[in-house]
Amino acid sequence: MTERFAQVALPLPLASSYTYRIPETLGDRAVPGARVVVPVRRRELIGIVVAADVPAPAATARDLLAAPDADTAVPAGLLETARWMAGYYGAPLGLTLKAMLPGGMWGESQVVATRARGVRVPGGLAGEVVEWLEGRGGEAPVAAAVRALKRPLWEVLDRLARVGAVSLRVEPPDTDAATLTERIATLAGDPPTLLERDTLFRRARQQRRLYEAVEQLGGSVLVSHVTGQLGFTVAVLRALERRGLVRIGRAERLRDPFADFPAVPPPATPTADQQTALAAVEALGPGDGAVLFGVTGSGKTLVYLEAVRRALAAGKGAIVLVPEIGLTPQTVSRLRGAFGDQVAVLHSALSDGERADAWRLLRRGERRVAVGARSAVFAPVQDLGLIVLDEEHEASYKNGETPRYHAREVAAVRARIEGAGLVLGSATPSLETMTLAESRLRLLRLPERIGARPLPPVELVDLRVAPKVSGTGAVAWSEALDEAIGATLARREQALLLLNRRGYAAFLQCPDCGEVWQCPRCTISLTVHTAPPGLRCHYCGHEEPLPFTCRACASPVQQMRGFGTQQLERLLAERYPEARLARMDLDTTSTKWSHQRILASVESGEVDLLLGTQMIAKGLDFPNVTLVGVVDADTGLYLPDFRAAERTFQLLAQVAGRAGRGPKGGRVLVQTRHPLHHALVWSARHDTEGFLREERALRETPPYPPATSLVNLLVSGPEERAVSRRATELADWCAGLLAKYALPVTLLGPAPCPLARIKDRWRWHLLLKGSSEVLGRIVRYAATRLPRAGEVRVVIDRDPVSLL
Ligand code: ADP
Ligand code: ZN
Ligand code: ZN
């Protein structure tokens, strides 16, 4: 009989896959895309079969241990997409697959240590371990011991195992973990008396301990708590369940906040422009894509809905991607309104278990439409017919860790592989996408707002010369904006005020010596917050109290410079005491569903003035908003990043698009000190193509995308010297490679990143510019050959969205 072998990718930063023997019992399940449990050194991990029937390896291969699912976890199209991603982004295939499946579907074994009686143990760490184990009834997971004793224990445990004082056994990973974490264990039946317990648990002390622990907690406990905090093994719980002493049931589900949003019925008839766009979407061949370039308020959502409806009617499924699910409740409720229970919403507020549930419903074909942010591009929708990316220009479509994929690129590749259509929608398409609309993508336009409503007039208020209201502290407050807000309130209409900086003041400075308070872990100034008061780092979360005196010169005064949303909120409360205010930024939306609550109160008219960061600029459709004020348009204009102008343009155009969406019309006021900057000039004219034309010319020399492709190699580590040394070596290595093969690539750097240190890690980078094809060869080469060097990390970021 011939032996069979499978190649398995593990969710680890490893460049290669491992080969395992397929035992006969698993023969029909160990197929490409299947989840399998495999031994790795002393652990057992869940991995994915990436190839079956591969040649026997040179060394002996270990056996696959289990294949828990009847169906493959990664269907063929997604596996092929993963292969493409791993190659294109230079990321390990295992980590790429890990990013595709819900967290709850991965798992690891735990090693359980049991104390053997009668074997004496020396003192020291070994004594401590044994004492701790005895305190837990003689048995516990090693991980719990490591957590409790805060020391590495493997060596000691191995020694104890050799002399027979402790035995170690591997408990396999819980392949059902995704559902277990959401479950509650409840004691069942009448509690046994103490006497009965002695008999009942005579041979099962661990079970008694767990039983009594749950009893003390009031009779029920989350299953995840049993294995986590309480440190018991799943086996003990299962044993209690088998004996009928414990029932395991589902925890009460989180209330779905989208259920509260009116399931908005879609407008009955598409307009002529919408019809034309729809016909073009329907005519897309398999794998073809289109850009839906429609001004704000032009009715793009209805085009998405109708396109999804047609896909469903043809027996196919669809994916709708949105930048951030919490910020787009309206899109979600429109989809819900149109397709009801066919929709699976994949949002970040879901627990692991709920996400795994939604995932399974899609995988089994019980739901046909997936809506979600970036990672929903991997939703296992069956017979995929359509992928829609709303607000395709948003930076949040790029993943910030390995694999550093862009959902727009992945969507295009997946659509090609599975023969689906692709629609990229935006009022402010990215320069890359609009350039592709000259070749690969079809360009579809919705040039007018619904009902032929005009786009709101935009006035630029030049803060250098405009008359200003005095006594507003650090906030530059023009009379023009002040009057406009007053008038809006008087008419009982609503206003949105954008200030893209949270906190109270941008930074704190000593007027005597000029000292600026910086984060000790990042090279970035600390932001002043007042509620609660303190200095905070927006990159790492570091906090410290507001100082009374200067730490450099002991001067008793400090000055706050720049202003953020907290200060703006205070100013508005003073100037318009009768107005009902709401603030939306990262600080007010940290709890679950807080976005939805704030937006719902604006929608129902309980709020007159909504102020906030870029969060308020996206996708909202409130007809009673007649004024949009941009308090400081310049916050992102001069960041050292080649996309600074494009981002500013998009933000201004998007937020302006929130005004005048109803019959009352609207206007936009933009405060700036750079009214002649092209981002401001073109956004004031609502002219995306005008902006893109000018911006594209600026990207020619020196070349930046789309005139060239980019790869950013990011080197980081705790020691500055080691990082700069590694960056220099890497640059030499690249230069050697370029010279040896005479590759037409420009190498920039090495240089410190603009944000030179984040979270105690120094950061250097080098930038490669060249054609996508040549850079792709370098990435593939580097992915397997970049030597690892201790604590210094090298990250390959292909098509970076930020160079900070
Ligand atoms: P966009 O996403 O392009 O900014 P929306 O899709 O939010 O625009 O549409 C703007 C408004 O126009 C919404 O209130 C929507 O209900 C309405 N609308 C869209 N299409 C139609 C239509 N065909 N008839 C009537 N109203 C429509
Ligand atoms: Zn000072
Ligand atoms: Zn910091």
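This is a predicted model: local features need pLDDT of at least 70, side-chain atom pairs count only at pLDDT 80 or more; totals for chains, interfaces and linings use all residues.
Residues are numbered from 1 along each chain as its sequence is written, chains are lettered from A and ligands numbered from 1 in the order in which they are written, and side-chain values use heavy atoms, with hydrogens and water left out.

The protein donors of the zinc ion (ligand 2) are the SG atoms of Cys-510, Cys-513, Cys-550 and Cys-553, at 2.3 to 2.4 Å from the ion. Donors here are N, O and S atoms within 2.8 Å of the metal (3.2 Å for Na, K and Ca), and water is not among the atoms, so sites may look incomplete. Along the chain, the donor residues of this ion are spaced C-x2-C-x36-C-x2-C. Cys-510 is buried, at 1% relative accessibility, while Cys-513 is partly exposed, at 39%. Buried means under 20% relative accessible area, exposed means over 50%, and partly exposed is in between, with a 1.4 Å probe and protein chains only.

Ala-554 lies in the loop between strand 23 and strand 24 (559–561). The phi of Ala-554 is near 70°, a positive value in a residue other than glycine. Helices (H or I, at least four residues) and strands (E, at least two) are DSSP runs, numbered from the N terminus.

The zinc ion (ligand 3) also has a tetrahedral site, its four donor atoms making angles of 106 to 111°. Its protein donors are Cys-519 (SG), Cys-522 (SG), Cys-537 (SG) and Cys-540 (SG), which lie 2.2 to 2.4 Å from the ion. The spacing of these donors along the chain is C-x2-C-x14-C-x2-C. Cys-522 belongs to the loop between strand 20 (507–509) and strand 21 (527–530), and Cys-540 to the loop between strand 22 (533–536) and strand 23 (543–544), so the pair ties together parts that are 18 residues apart in sequence. Cys-522 is buried, with a relative accessible area of 1%; Cys-540 also counts as buried, at 18%.

Attention now turns to ligand 1. It is surrounded by 17 residues, of which the closest are Thr-269, Gly-297, Lys-300, Thr-301 and Asp-621; a residue is near a molecule if one of its heavy atoms lies within 4 Å of it. The shell around ligand 1 comprises five nonpolar, eight polar and four charged residues. In this division Ala, Val, Leu, Ile, Met, Phe, Trp, Tyr, Cys and Pro count as nonpolar, Asp, Glu, Lys and Arg as charged, and the others, Gly among them, as polar. Helix 12 (residues 300–313) gives the most to this shell, with three residues.

Polar contacts to ligand 1 involve both side chains and backbone. An N or O atom in the side chain of Asp-621 is 2.6 Å from an oxygen atom of ligand 1, and a polar side-chain atom of Lys-300 lies 2.8 Å from an oxygen atom of the ligand. For Ser-298, a backbone N or O atom lies 3.3 Å from an oxygen atom of ligand 1. A polar contact is a pair of N or O atoms within 3.5 Å. Taken alone, ligand 1 exposes 560 Å², and the protein buries 75% of that; accessible areas come from the Shrake-Rupley method with a 1.4 Å probe.

The bond from Pro-705 to Pro-706 is cis, with omega near 5°, and Pro-706 is placed in the loop between helix 22 (688–698) and strand 29 (709–717). The bond from Gly-749 to Pro-750 is likewise cis, with omega near 10°, and Pro-750 is found in strand 30 (residues 746–758).

Helix 22 also contains Leu-692, which is buried, with a relative accessible area of 6%. The C-alpha atoms of Leu-692 and Lys-664 are separated by 31 Å, the two residues being 28 residues apart along the chain. Asp-799, in the segment after strand 32 (793–798), has a positive phi of about 50° although it is not a glycine. Asp-799 counts as partly exposed, at 23% relative accessibility.

Key: A polar contact is a pair of N or O atoms within 3.5 Å; within protein, one must be able to donate a hydrogen and the other to accept it, and residues adjacent in sequence count only if both atoms are side-chain atoms. Four donors count as tetrahedral if all angles lie between 85 and 135 degrees; four count as square planar and six as octahedral if opposite donors are over 155 degrees apart and all others between 65 and 115; anything else is irregular.
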